[in-house]
Structures are given as C-alpha cells and as structure tokens.
Amino acid sequence: MSKVNDRSRDIGEFIPQPDDDMIICRCEEITKGEIRRAVHDGMFTITEIRRYLRTGMGLCQGQTCGKLVKGIVARELKISPLELESAVSRAPMRPIEMEVFGNEQVGGK
Amino acid sequence: MKRYDCIVVGAGPAGLSAAIEAAKRGLKVVVFDENSKPGGQLFKQIHKFFGSKEHRAKIRGFKIGEELLKEANDAGVEVVLNAIVIGLYLDKEVTVKIDDEVIHYKADAVIIATGASENMVTFDGWTLPGVIGAGAAQTMMNLHGVQPGKKILMLGSGNVGVVVGYQLIQAGCEVVAIVDAAPRIGGYGVHAAKVARCGVPFYLSHTIIKAEGEECVTGVTIGEVDSKWQIIPGTEKHFEVDTICLAVGLSPMSQLTKMAGCIMEENPKKGGYVPVCDEYGETSIKGIFAAGDVSGIEEASSAMIEGRIAGVAASYRLGFIEKEELEEKAEELEKALSSLRQGMFGPENKGKDIEKTDEGFEVSKNLLKKGYLTDEEVTKYPGVKTMKGIHPVIECSQNIPCNPCQDACPKNCIKIGANITSLPVVDEESTCIGCGMCVASCSGQSIFLVNEDYEEGYTSVTLPYEFLPLPEKGAKGIGLDRSGKEACEVEVIDVKSVKAFDNTNLLTIKVPNEMGMKVRFFKQA
C-alpha cells in the first residue's frame, strides 16, 4: 500500500509553525496552516485537500499554488511530492461565465 | 460539428511549427490560442537566440515569431485567436470558448502545445503587489512598453532570470541584485556576464526572507542559506526596491493531456507533470501529440523542432505521408534537436556540477558565483589570444549550443567545428579586419575587438552595446570592468550600427593600455 493510501499511518501531532498564516492559495485565500491542519484531519490526497479547502479551485485553477500545496502536503506526510498525484483535470480548463458555458454549439460552426 | 484533420492547441513556437509541417503535407489544420496575439512567448523575446543557422541562431525571438506566422499563413494554417480550449474528450473532440459560445470541434489528430506556467515561491509578503513573475515583467516591458518598476530585485539566476534581468536594465530599470538559493548561477555564463558588467551583484546561496511594505512592495530582505536551505542568522541584507521579480522555473501546462486520458508521469528532469511521449511526441493515445514545454521544459528553439516533428508524425498517423518520409524528416529534425541538447546545459547535465569543458578547460568558479570571469581566468580560454593589431577576444568559457561567430567572420578567424557546443577558437594565423561581424553575431555578447596597437599608450576596445540613447563619437564616459566596477575614463572613438548588426551597436572606446583586457562596458558619464 502506498504511503498516501495508508490512513493508519501515524504522521504525528499538528505542530504550529510561525508562517502558518501565510496565504498559499491566493484565489481562495487558504493559508499554509489550514493546509497542514487538513492533512492532520485525514486529507492525504490533493483531491481530498481540494474538496476540503477549495485550494486550486479559484480563478487560476491551481496554476499558481498547485506545486506549493503539493509540497506542503508532502512535507506533512513525510513523503516526496512525486508520490502525490496531481489534481484531476476537468473541463472547463479555464474559468468561464455560466452564461457562456451554457451556450454550447454542439453542432459546431 | 466542425471537423479538421488536425487541431493544434497553442500558437507558440511549438504549436505554429507543428501546424506548418502538417499543413504543408496537405492536412487541414486549425490552431487555437487563448491570447489575442499569436506567437506565445516568442514576441516577448527581444534577445538574439542561440543555436546554429538551422535553429535560426542570432535572430531575435520576436523576428522568429514573425517568420513562423508568415510561414503558417503561407502553408494555409488557420489561426483562431481569443479561442480558449476548455476540454479535450474521447475521440478527439475539442470544446473551445470563442466569444460567448462554446463550440465543439473534432479532428483525427490533436497536437497539444500549451506551453508552461511560471512557478512561484512563498515568503513573508509574497502576495504583496509588486511581487511579479519574470514573464509578467517581460510582457510589460517588451509588449506594452511599460517599466515593471524602478528598482527591482530578481530571484532566480537561470536563463530566464539573467535574460529578463538584462532586459530590465535595457528598459531603464535598476536591478539591485540577482538572488538564487542554489550555490551556482543556473543560466549561461555569457548571460550572467552581461548583467554583471552593468554592475548587478549576484547573491548565490541566498533567498528572500521577507518582502516589506503595507500596500505594496517597498523593500526586501534576503539572507544566506546553509546546505539544508535554512537561513543563516546574521546574513540578512536589505534592499530598497519597488518590485520583486520571480524567475524560479516553469511547470508544464499539461492539464489537457491529463484530461484526455494520456498516460502521465512526474518527471523532475522535464520540469513536472508531463504526458509520456514516444520519439515523435505522440502520447499514449494514438493521434494525440504533445510538443514544446508542455512535454518537458526546454527553450523555444527546441520547442520549434519538437513541434515540427509532431506535425510530420501527425501527417503520417493520418496517412498523408509514407513511413519513409516520416523517418527521413524526423531523423533530420532529431539531429538538429540533439545538437541543441548537447553541452553542459543539456537536459542530461541538469543539476550536475561540471568542472571542466569538453576541451578540458576549467570552468570558472567566479563565473558561476559572481557572474564574470576574472582577469586571470579569461586568458585561459581558446577565444582569447594576444595578437598584433586588431583581433577578436571571445570570452566564451562554457559548452553551450551556439556557433554564429564561426560563420560571421569573413576571414575565417574563428573556428568552432562541427560540434556546435565547442568553445570558439581564435586562429592566430588569420587576419582580422576589424569588421565587427563576430561581435554583433554573438547572442551572448561575449565577443570584443581589441587593438593593443591603437595608438601610443592606448588600446581600442569594441564592444556590443544594446542601450539607448547611443553615445556619440567623441563622448567621454566611464569604462566598467567585467564585475561592473568603474575602471577608468574612456572616450568613444567610433559608433557603428549597420543593418547586418541587427540593432547590436558596436561601440569602440579608447582606454589606457593596461585597461585593454579589463574594460568591457561603457557607462555614459
């Protein structure tokens, strides 16, 4: 079982750090401390962190914070960031107004 | 649903090149780009490119962009701008946002050339206005003619950091320092030398501790890091700046390939999360290709070749050409690609500490640490010879893929040979006529003409100069040495700017003899 999936693994206590109030996901205003705490709350994958905190779900869609969040989660889990799967990619790839998103020309032009 | 033979996502160097090759082979090709202008990053690149003739060396990036666009038009490629590809589905169905609609397209081949996005680093105050990416700085300066700030600190000494640092100086900004947490300068030595001789200090093994300011950046504190990347107390240094520019690497924008279901991998050598591709750039899904930075961070010259390979391969996949043509063309392109990937900065050597050049010359530690060669070191390289009369002095000390100087010399004084990463050798037998073609051809601005016999007690030094306003003949100024320190008073004795130099002006200055091998920059008095 990979370290990410092993939920019974002891990752230790949440220890506050001086830079916990630093914003990591600018679009959704999520701090480093919130991300670290989420890991201790049992959110081990990027998908879980995203659903729990909304990191990477704002305007830039994780373009800025994706790597940063991965690094923080990996450090908390004491694994390499390479072991963490990136967030799922879904349409729409870019932020888009609902009005436009709903105006679909399936037949093309 | 509108159908094409081939849909290309991204009109940058890779995407346009791919589209050209596919269209030339008879495919009906459309290129979508989310920007309002095509060309990707090329139009921000005002510097001359490296490489060889076939890589369009010594041509400025934006010119290459113009050439590519023309070639694409001539080949019948349709380029749709302000068109955001928002999804890539089964059976190569592509959804594109154009104006206020989402339109569905389909193709038999899809080439993803979406490029990369900039990495960020966090430090106290990193979200303050005034902390910007190097790409943003380039957009402001080179596309819109706006200075990003007055006093700027650059974080990152890779090629992006040093190239953009130089462009900031050209735009009239003051670059107070280039900082990097790594112990060595990551970019080409010649790029570092260009900024060092303008007086910009390098701080290696340093990082940003804090960006200061309430509403926006008003200052920055950096500090030295130990081998575990921890700040060493007492090493803090403060700078008053209004802008902090981050050039800390790029990540492939590979979300579309992931969404399409291509097999992906985390590959630090390629800069992050990339689709697994074969030699032609084809992903695990037949007919879906990736080219350029999206499949591994490199630079524009290799992106263009990768694009061409993908375009040819897509033509084969769709049955427009025979296997023979694919193999023949791919072999030719791969040869050009592999010559770009040679040398000490090639992907194979990423992160390695290289102590000697291929020829066995020692790599200057000072160059890697401070950005310039010392007076003693510079004489050791084969491009630096003491000769009678006017002659080139080539301060090129690293194996980088570049050889325009060899072709530039009408007297064949400069030899690099078949391997384009070899150090240029100045031939003592040949007779330099002082035409300056080599000086202007050097993308790294590391060639100078020196004449120790200019007149009694004085040496003339001709240097490449890309700053405005141009000084006039007879102007007095200050000669700066390789470290940017003021060395002596100098007089401009000639200013040459002909079309063949492509805006690299040649300034000839008169310096006392003992300064002939020291002075490398002219500061207007």
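Strand 20 (residues 390–394) of chain B is largely enclosed by the rest of the structure, because 5 of its 5 residues are buried. Buried means that 20 or more other C-beta atoms lie within 10 Å of the residue's own; exposed means 12 or fewer, partly exposed is in between, and C-beta atoms are placed from the backbone. Strands here are DSSP runs of E with at least two residues, helices are runs of H or I with at least four, and both are numbered from the N terminus. In a regular strand the side chains alternate between the two faces of the sheet. Both faces of strand 20 of chain B are covered. Ile390(B), Pro392(B) and Ile394(B) are buried on one side, His391(B) and Val393(B) on the other.

This is a predicted model: local features need pLDDT of at least 70, side-chain atom pairs count only at pLDDT 80 or more, and totals for chains, interfaces and linings use all residues. Residues are numbered from 1 along each chain as its sequence is written, while chains are lettered from A and ligands numbered from 1 in the order in which they are written.

What does strand 20 of chain B pair with? Its partner is strand 23 (residues 447–455) of chain B; the two run antiparallel and are joined by 5 bridges. Pairing requires that DSSP finds at least two bridges between two strands. Ile394(B) has Ile447(B) as its bridge partner in strand 23 of chain B.

In strand 27 (residues 505–512) of chain B, 7 of 8 residues are buried. Strand 24 (residues 458–465) of chain B runs antiparallel to strand 27 of chain B, with 8 bridges between them. Here Thr459(B) stands opposite Val511(B). Strand 26 (residues 486–496) of chain B also runs antiparallel to strand 27 of chain B, over 5 bridges. In that pair Val495(B) stands opposite Leu507(B).

Now turn to the parallel pairs of chain B. Strand 9 (residues 151–155) and strand 10 (residues 174–180) of chain B run parallel and share 5 bridges. Ile152(B) stands opposite Val175(B) in strand 10 of chain B. The chain gets from strand 9 to strand 10 of chain B through helix 4 of chain B, in a right-handed β-α-β crossover. Right-handed means that, with the strands pointing away from the viewer, the path from the first strand over the helix to the second runs clockwise. Strand 10 of chain B is also joined in parallel to strand 11 (residues 202–204) of chain B, by 3 bridges. Ile178(B) has Phe202(B) as its bridge partner in strand 11 of chain B. With helix 5 (residues 189–196) of chain B between them in the unit, strands 10 and 11 of chain B make a right-handed β-α-β arrangement.

Helix 3 (residues 134–143) of chain B has buried residues Ala134(B), Ala137(B), Gln138(B), Met141(B) and Asn142(B). They lie on the same side of helix 3 of chain B, because they cover an arc of only 100 degrees around the axis. That arc is taken from the directions from the helix axis to the C-beta atoms. The buried residues pack against strand 8 (131–133), helix 4 (159–170) and strand 15 (243–246) of chain B. Just after helix 3 of chain B, Gly145(B) takes a positive phi of about 65 degrees.

Step back to the whole of chain B. It has 12 helices and 28 strands. Its radius of gyration is 24 Å, close to the 24 Å of the globule rule for 525 residues, so chain B is as compact as a globular protein of that length. The radius is taken over C-alpha atoms, and the rule is 2.2 Å times the number of residues to the power 0.38. Of the 525 residues of chain B, 55% count as buried.

Chain A has 4 helices and 3 strands, in the sequence pattern β-β-α-α-α-α-β. Buried residues make up 28% of chain A.

Where do the chains meet? 28 residues of chain A are in contact with 28 residues of chain B, contact meaning C-beta atoms, placed from the backbone, within 7 Å. The largest share of the chain A side, 3 residues, comes from helix 4 of chain A. Strand 3 of chain A pairs with strand 6 (residues 101–112) of chain B in the parallel sense over 2 bridges. There, Glu104(A) stands opposite Val102(B).

Definitions and conventions: Contact = placed C-beta atoms within 7 Å.
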